[in-house]
Structure formats: structure tokens, C-alpha cells
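Me: I would like to go through this model with you, from the overall picture down to single residues. Could you begin with the surface?

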Amino acid sequence: GLQLMPEHQAHGVGRAVVDTVVAQARADGVPVELGVEKDNPRARAFWERCGFAYVGEDETEHRLRLA
């Protein structure tokens with residue numbers, strides 16, 4: 001999971017971490033999928049900006065996969 005304290009959000013820290021993980025996953029040919037809580041639309045928007053797309057859901061989370 002990736003969580004940042006509010007005072008560290010919107011400064012590029014999370015995006016830098018995600019970009020590094022995504023680059024390594026693509027280089028290794030590994031799929032990346034994650035869950036984001038349904039009551040957190042801001043987090044879902046972040047992941048979608050990072051290249052993840054909706055693929056399904058369960059009772060509490062939206063499932064996203066790296067496109």
C-alpha cells in the first residue's frame with residue numbers, strides 16, 4: 001500500500017514512488033493491480049492519472065490495473 005500524510009500530499013512524492021514501481025514492473029513484464037477504497041475518490045483519481053484503469057470492484061474497493 002501507499003499512503004502519505006496529508007502534509008506530504010500534492011508535492012510529487014507519491015507520483016515519484018509510483019513512477020519508479022511502474023517502470024520496474026514494465027521492465028520485468030509484471031502486471032500491476034491494486035485496490036482503492038470506494039470512499040476515496042481522490043485516491044482513485046491519483047491512480048488513474050498514474051495510468052491505472054478500472055477493472056472491477058468488490059464490496060469496499062475499486063480494482064485498478066496498470067494499462
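**Surface, fold and selected residues**

Reply: The protein has an accessible surface of about 4800 Å², and carbon and sulfur atoms hold 53% of that surface. Accessible areas come from the Shrake-Rupley method with a 1.4 Å probe, and for residues only the protein chains shown count as cover.

Me: What should I keep in mind about the model itself?

Reply: This is a predicted model, in which local features need pLDDT of at least 70, side-chain atom pairs count only at pLDDT 80 or more, and totals for chains, interfaces and linings use all residues. Residues are numbered from 1 along each chain as its sequence is written, and side-chain values use heavy atoms, with hydrogens and water left out.

Me: How many helices and strands are there, and in what order do the elements run?

Reply: There are 2 helices and 3 strands, and from the N terminus the order is α-β-α-β-β. Helices (H or I, at least four residues) and strands (E, at least two) are DSSP runs, numbered from the N terminus. The radius of gyration is 12 Å, close to the 11 Å that the globule rule gives for 67 residues, so the protein is as compact as a globular protein of that length. That radius is taken over C-alpha atoms, and the rule is 2.2 Å times the number of residues to the power 0.38.

Me: What does the C-alpha trace span?

Reply: Along the principal axes of the protein, the trace spans about 30 × 30 × 15 Å.

Me: And what share of the residues is buried?

Reply: Buried residues are 24% of the 67 residues. The classes rest on relative accessible area: buried is under 20%, exposed is over 50%, and partly exposed lies in between (1.4 Å probe, protein chains only).

Me: Which backbone angles deserve a look?

Reply: Most residues other than glycine have a negative phi. Ala10 is not a glycine, yet its phi is positive, about 65 degrees. Ala10 sits in the segment before helix 1 (13–28) and counts as exposed at 73% relative accessibility. Gly51, which follows helix 2, also has a positive phi, near 105 degrees.

Me: Now the strands. What does Arg63 touch?

Reply: Arg63 lies in strand 3 and is partly exposed at 26% relative accessibility. Setting aside neighbours within four places in sequence, Arg63 is in contact with Glu33, Leu34, Gly35, Ala53, Tyr54, Val55, Gly56 and Glu57.

Me: Where are Gly35 and Val55?

Reply: Gly35 is in strand 1 and Val55 is in strand 2. Gly35 is partly exposed at 30% relative accessibility, and Val55 is partly exposed at 40%. Not counting residues up to four places away in sequence, Gly35 touches Glu61, His62 and Arg63. With neighbours within four places likewise left aside, Val55 is in contact with Glu33, Arg63, Leu64 and Arg65.

Me: Last one: what does Arg26 touch?

Reply: Arg26, in helix 1, touches Leu66 and Ala67, not counting residues up to four places away in sequence. The C-alpha atoms of Arg26 and Leu66 are separated by 9.5 Å, and the two residues are 40 residues apart along the chain.

Technical notes:
Contact = heavy atoms within 4.5 Å.
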